Amino acid sequence: MTSAADRGGHGGRDPQHEGRDDDGDDRRRSERPHEAGTRALLDAIVAGDPDEVVKFGDVFNGLGNRSFGMLLFVSTLPAFIPIPGVGGAISGPLVVLVGLQLLIGLRRPWLPGFIARRGPHRGAMVKFRNLLAPWLTRLERFVSPRAPALLDHRAANAFTGLLLVLLGILLSLPIPFTNFLFGALLLLFAFALLERDGKLMAIAWVAGSVAVVVFGVLSGSLAKAAAEWIALARAKLG
């Protein structure tokens, strides 16, 4: 599979695109003219046979320091499956895996083979891309590469990873009517990583922390999940 960066990284944005404030957009992206934006990356990924599987192991190839963002984006998609219990059970562990790698300081994502060889069908991603397109158009008018310390500093990466682990755990729990909420929060983290926007990441930190406190700490969901996992680990080891 050709990487998203190879297909979308050059000329990913049409300067004649109708209805765009292109002068402002070009100025904001002048520091990284070789990098495609989120929409261009998605367009590159979804191009091709709609029945083909987009493998998790391929989506971040060639994306450099934005690779965690694209992997998190694709990992979050199952959260929007409108079947109770299914989306969270798939997305939650994937998000936890991404978060753990940021928490321990990995510079590039790693996936076990049985996950790397799987992924959503291209047709499903086309539908999701089309659903997000209007929001991405608005978002890209406000984001830009800025406040890199909130993305690249070791402590910042660790905090982002911790929040993703906690949100992934909450997403995997059967908390009614929260899948879309947690999914939207996780997409905010993914966009901040993809667009290299530290200020957007700061907003994601605040929103994610509030969600963890309200749905995890106050409801006792995280404590219950931790107790169950500890009991399971003891049973396996003992």
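Helices α3 and α8 are roughly antiparallel to each other, a label for angles over 145 degrees. Helix α3 covers residues 38-46 and helix α8 covers residues 122-139. Their packing angle is about 165°, and their axes lie 10 Å apart. Axes are lines fitted to C-alpha atoms over the stretch in contact, and angles run from 0 to 180 degrees between N-to-C directions. Helices are DSSP runs (H or I, at least four residues), numbered from the N terminus.

The model is predicted: local features need pLDDT of at least 70, side-chain atom pairs count only at pLDDT 80 or more, and totals for chains, interfaces and linings use all residues. Residues are numbered from 1 along each chain as its sequence is written, and side-chain values use heavy atoms, without hydrogens and water.

From α3, the contact (heavy atoms within 4.5 Å) with α8 is made by Thr38, Arg39, Leu42, Asp43, Ile45 and Val46. Helix α8 contributes Arg122, Met125, Val126, Arg129, Ala133, Leu136 and Thr137. Seven residues of this contact are nonpolar, two polar and four charged.

Helix α8 bends by about 45° at Ala133. The bend is the angle between axes fitted to the seven residues ending there and the seven starting there. A proline, Pro134, follows within four residues.

Ser75 belongs to helix α5, residues 67-76. Ser75 counts as buried because its relative accessibility is 2%. Leaving aside residues up to four places away in sequence, Ser75 touches Phe56, Ser91, Leu94 and Val98.

How values were computed
Helix = DSSP H or I, 4+ residues; strand = E, 2+ residues; numbered from the N terminus. Parallel < 35°, antiparallel > 145°, perpendicular 65-115°, else oblique. Nonpolar A, V, L, I, M, F, W, Y, C, P; charged D, E, K, R; others polar. Buried < 20%, exposed > 50% of the residue type's maximum accessible area, 1.4 Å probe, protein only.
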